[in-house]
Amino acid sequence: MSHLHTRFFLTLLGSLAAFALGGIAFMHIDDGSRVVHVVHSFIIFPALALCIGIATYPLTRRLLRRLERLEQAVDALGAGDLSARVAVEGKDEVARLAQSFNRAAGRIEDLVVAHKRLLANASHELRTPLARVRLAVELMGESADPKRKAGLDGDIAELDQLIDEILLASRLDAVASPDTDEEVDLLALAAEECARYRDVRLDGVRAVRRGDPRLLRRLLRNLLDNAQRHGAAPIEVRLMRCGDTAEIVVADHGPVIPDNQAAHLFEPFYRRNASGQVSGAGLGLSLVRQIARRHGGEAHYRATAAGNCFVVTLPLDVPVLSA
Amino acid sequence: MPRNTRRTRAENRRLRFGPAISTVTRMAERILLVEDDARLAEMLSEYLGGAGFRVVHVGFGAAALERLAAEPCDAVVLDLMLPDMDGLDVCRQLRTKSDAPVLMLTARGDATDRIVGLELGADDYLPKPFAPRELLARLRAILRRRGNGTSSEAPLCFGRLEIDRAARTLRIDGAERMITSYQFALLVALAENAGRVLSRDTLMDLVKGEALEAFDRSIDVHVSRIRAAIEDDAKHPRRIITVRGAGYVFAKAQE
């Protein structure tokens, strides 16, 4: 029989026994007067209830405190503190629950550490050969056909971006805390990214917020890559401020995306059938949404009379979410 | 008759590696390359050797520390993922034995590595897959920095571009580019605020000390001169970008 159950059972039994004793004592009292009867019942039963309450108070208080500590540990684990553990006290169900929680938390911590190690190793295993290819292209020197060399450079850059996206997608899922949190000038970042392309027009106002500059750069780059790949020129980027929110709009003049496809645009590995494109892993827009949400914002698509609009809203002056 | 387009070996070398840094007049600088990938190390040795360096390769962290204790070197190119030791540990131990500049190479896309590495005393950091010319430019920059002694104003490096504030020189791929003193001040003001939009008025304020020239030519003209010196394609600038109605941005991420 369980310890906790025994304790409750014994407490209950004790209470009943106390009531029974009180009842027997009450019956032995000379009932010459009904007033005495009522007075006795008013004194004895509350006194008994008080005794029971005082007797069970330390037990319930201790039990509740242990459950509170367990709850705090569960919350801490949920918030990303993988080292959160709870002290195991006694041998009852709560103690066994604490042991089970500690085992589960330990397992989760091991898995996340292993996952991080795997990501780091995968990154190394994939990027080192890529560095070799890049160096080999450079060592080909002037003997190589410049057109073919430029093509190889483009392929290397594409492969590098793909590796980056796959690793980033896993990393955003696995790692709760941001790599860096610093002030980012969104207009400057947009200008820098737009300059990578010809014929991309930027309009906007200055908007500064704290965040991970590498992730926000990736967000903008993916939106522009998406517009270049699937949309049509002219591509326009607008940065607006609506109260405490910055709105980044990337608009292109390509054919409007049908509703049934638009609903899946931000899902990982989703690739539109109509695009006729085979490049890319379908991670670009899902990363855009993941990064926007990590910064407390949102990403969505809307069709306009002129074409397609991808909109990212980012609250200004808020800390980066840690989960 | 077709014009003879064959280049001499020296010309080819200059095109691939940039101008030689006085390799004729002084001994080739000795680079300790710590890289566990033998094929990459072989290629790097060939590439850096072609640029006039003497490369010694080791594949393990412990071997690098032993080698360094036995024979000094001018610079260390250190991969962060080694089979026997963490590259950051190697960097920490290396700092206690030598003051040779360290250029870290890493394949991990983690900003923490860069921050920790630089705190441990590494001089520069380059993520894989790096552009070979950028590696060369950065290696030359850290060697030059050490050669000039420690300065309160470390050079600003953006990809292949190096702005040496102490020497007031500007280099791309190791080749010096000439601009006026005012334009240099303007470039430094932009580079020190990389990743931020600076209005023309703010720029004028930042280069106030360099006055006079500001009155005879507009900021825009100076910027176009700087672009001519530092951009690969001045008509489509990637380093100094105009933001309509706001000013200029000096790009933080450059090739």
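Student: How many helices and strands are there in chain A?
Tutor: In this predicted model, chain A contains 8 helices and 7 strands.

Student: And what are the numbers for chain B?
Tutor: Chain B has 10 helices and 12 strands.

Student: What share of the residues is buried in chain A, and what share in chain B?
Tutor: In chain A, 40% of the 323 residues count as buried. In chain B, buried residues make up 51% of the 255 residues.

Student: What about contacts between residues 24 or more positions apart?
Tutor: Among contacts with a separation of 6 or more, such residues account for 65% in chain A. The corresponding share in chain B is 57%.

Student: How much accessible surface does chain A have, and how much does chain B have?
Tutor: The accessible surface of chain A is about 17600 Å², and 59% of that belongs to carbon and sulfur atoms. For chain B the surface comes to about 12300 Å², with 50% on carbon and sulfur atoms.

Student: How is the size of an interface often given?
Tutor: It is often given as the accessible area that is lost when the parts come together. Here, chain A and chain B bury about 3500 Å² between them, 58% of it on carbon and sulfur atoms.

Student: Which residues of chain A lose the most area to chain B?
Tutor: These are Arg132(A), Leu135(A) and Leu139(A), which together make up 19% of what that side buries.

Student: How many salt bridges and polar contacts are found across the interface?
Tutor: There are 5 salt bridges between chain A and chain B. One salt bridge joins Arg198(A) to Asp233(B), with their closest N and O atoms 3.3 Å apart.

Student: Is Arg218(A) buried or exposed?
Tutor: Arg218(A) is in helix 6 of chain A. It counts as buried because its relative accessible area is 9%, and buried means under 20%.

Student: Which residues does Arg218(A) touch?
Tutor: Leaving out residues up to four places away in sequence, Arg218(A) touches Gln161(A), Asp164(A), Glu165(A), Leu168(A) and Ile291(A).

Student: Where is Arg271(A)?
Tutor: Arg271(A) lies in the loop between helix 7 (259-262) and helix 8 (284-294) of chain A. Its relative accessible area is 39%, so Arg271(A) is partly exposed, a class that runs between 20% and 50%. From Arg271(A) to Gln261(A) the C-alpha distance is 9.2 Å, and the two are 10 residues apart in sequence.

Student: In what sense do strand 6 and strand 7 of chain A pair?
Tutor: Strand 6 (residues 298-303) and strand 7 (residues 308-315) pair in the antiparallel sense, over 6 bridges. The bridge partner of Ala299(A) in strand 7 is Val312(A).

Student: What lies between the strands of that hairpin?
Tutor: There are 4 residues between strand 6 and strand 7 of chain A. In this hairpin, Gly307(A) takes a positive phi near 160°.

Notes. Residues numbered from 1 in each chain as written. Chains lettered and ligands numbered in written order. Predicted model: local features only at pLDDT ≥ 70, side-chain atom pairs only at ≥ 80, totals over all residues. Heavy atoms only, no water. Helix = DSSP H or I, 4+ residues; strand = E, 2+ residues; numbered from the N terminus. Buried < 20%, exposed > 50% of the residue type's maximum accessible area, 1.4 Å probe, protein only. Contact = heavy atoms within 4.5 Å. Areas by Shrake-Rupley, 256 points an atom, 1.4 Å probe, with all protein chains shown as cover. Pairing = 2+ DSSP bridges. Buried area = accessible area lost by both parts, 1.4 Å probe. Salt bridge = Lys/Arg side-chain N within 4 Å of Asp/Glu carboxyl O.
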